[in-house]
Structures are given as structure tokens and as C-alpha cells.
Amino acid sequence: MVKFIELSTIGVSRDSQLRAAQVLKVVSDSCESREGDDSFFEYSYHLMDKRWKKLQEALQQSEMFSMPHFPPQFCTFHKRIFKPQPAFAWVKCEGDIQDCEGFFKEKKILVRSGKHFGDSLKLVRVSMMDRDQNFEVLLRRINSIQT
């Protein structure tokens, strides 16, 4: 492990290494008590849960879009079952829309086409990790799309 750290940090400034160590310490310390939303992972879980619910609600307002369903799975870290809430959502444009990325681009919504990931033009990847303000703009623009 020492050799790995030595080799992987060649060329990385000491300042950057110290900042990264401080961030990891804060995350680690937040998990020590494991009570309430003070934990980094509990906070992150609740934030992503809210975002996924809001995105699903926005997309369900129209029959133009669908999303895949992922079954809940056991989390070995928290030792309980969770619904998956990844950093990116896959959205499929239904009906006559052939270029989903182009459709969203016309609505001023930034997405990545499925073609970049070896899949269909009818699929797009939506980031769930943007700042709160930008995520709210995304939801407003999706809600403004009528059937």
C-alpha cells in the first residue's frame, strides 16, 4: 500500500494532497457518530432520494419519457436495503422523438446522448449531481415540456 501511494502521488503537489486528506478526514469524522443527517453518507442519501423523486415526478407528467426501474438492493455499508440512486439518470424519449439529445437541447436542457455510451439516440443521460439551483432549473424546464 505504501508503494502504491508513493507511485500514485508522484507529480501531485503537497498542497493538493493535504487538501484531499482534510476532505477525507471530514467525511470520515462525520461517519463516526453515524447519527442523524450529520453523516456525509446519510446527508447524501437523503439529497439524492429527494432529487430522484422530483425527477421521476417531473418525467411522469408527460408520456414522452420513461426511465428504467432498478430494484432495491442490500447496502453492505449501511446494512439495509436501499433503492439505487446513481449520479446519472437514463431517460428514454418515447414516440416520434428519434434524437432525444437534440430534443432536450432545443428545450435548453443539457444531457448526453446514449450514442456516446454505445446505446440508442432515444436515450439520454441526465446528471443528478449539479448544484441545487441548477437542478431546480432542470426540473422547471422538464415540467415546461407538454405532451
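K79 lies in the loop between β2 (73-75) and β3 (80-82), where helices (H or I, at least four residues) and strands (E, at least two) are DSSP runs numbered from the N terminus. This is a predicted model, in which local features need pLDDT of at least 70, side-chain atom pairs count only at pLDDT 80 or more, and totals for chains, interfaces and linings use all residues. Residues are numbered from 1 along each chain as its sequence is written, and side-chain values use heavy atoms, with hydrogens and water left out.

**Backbone geometry in loops**

- Most residues other than glycine have a negative phi.
- K79 is not a glycine, yet its phi is positive, at about 60 degrees.
- K79 counts as exposed, with 61% relative accessibility; exposed means over 50% relative accessible area, buried under 20%, and partly exposed in between (1.4 Å probe, protein chains only).
- K108, also not a glycine, has a positive phi of about 60 degrees.
- The loop between α4 and β5 (112-113) holds K108, which counts as exposed at 63% relative accessibility.

**Packing of α3 against α5**

- Two packed helices are described by the angle between their axes and the distance between the axes.
- Helix α3 (residues 40-60) packs against helix α5 (residues 132-143) at an angle of about 15 degrees, and their axes are 9 Å apart.
- The axes are lines fitted to C-alpha atoms, for helices over the stretch in contact, and angles run from 0 to 180 degrees between N-to-C directions.
- α3 and α5 are therefore roughly parallel to each other, a class for angles under 35 degrees, with over 145 roughly antiparallel, 65 to 115 roughly perpendicular and the rest oblique.
- The crossing of α3 past α5 is left-handed, meaning that the near helix is turned anticlockwise from the far one by less than a right angle.
- On α3 the contact is made by L47, R51, K54, L55, A58 and L59, and on α5 by D132, F135, E136, L139, I142 and N143; contact means heavy atoms within 4.5 Å.
- The residues of this contact comprise 7 nonpolar, 1 polar and 4 charged, with Ala, Val, Leu, Ile, Met, Phe, Trp, Tyr, Cys and Pro counted as nonpolar, Asp, Glu, Lys and Arg as charged, and the others, Gly among them, as polar.

**Nonpolar core**

- The largest nonpolar core has 24 residues, and L55, F65, F104 and I142 have the most contacts inside it; such a core is a set of buried Ala, Val, Leu, Ile, Met, Phe, Trp, Tyr and Cys residues joined through side-chain atoms within 4.5 Å.
- At least two residues of this core come from each of α3, β4 (88-93), α4 (100-106), β6 (123-127) and α5.
- The most is given by α3, with 5 residues.
- Beyond its neighbours within four places in sequence, L55 is in contact with M67, A89, M128, F135, L139 and I142.

**Selected buried residues**

- R51, in helix α3, counts as buried at 6% relative accessibility.
- Leaving aside neighbours within four places in sequence, R51 contacts M128, M129, D130, R131, D132 and F135.
- S39 is in the loop between α2 (14-33) and α3 and counts as buried at 4% relative accessibility.
- S39 touches S30 and C31, with residues up to four places away in sequence not counted.
- I97, in the loop between β4 and α4, is buried, with a relative accessible area of 14%.
- Apart from neighbours within four places in sequence, I97 is in contact with M64, F103 and K122.
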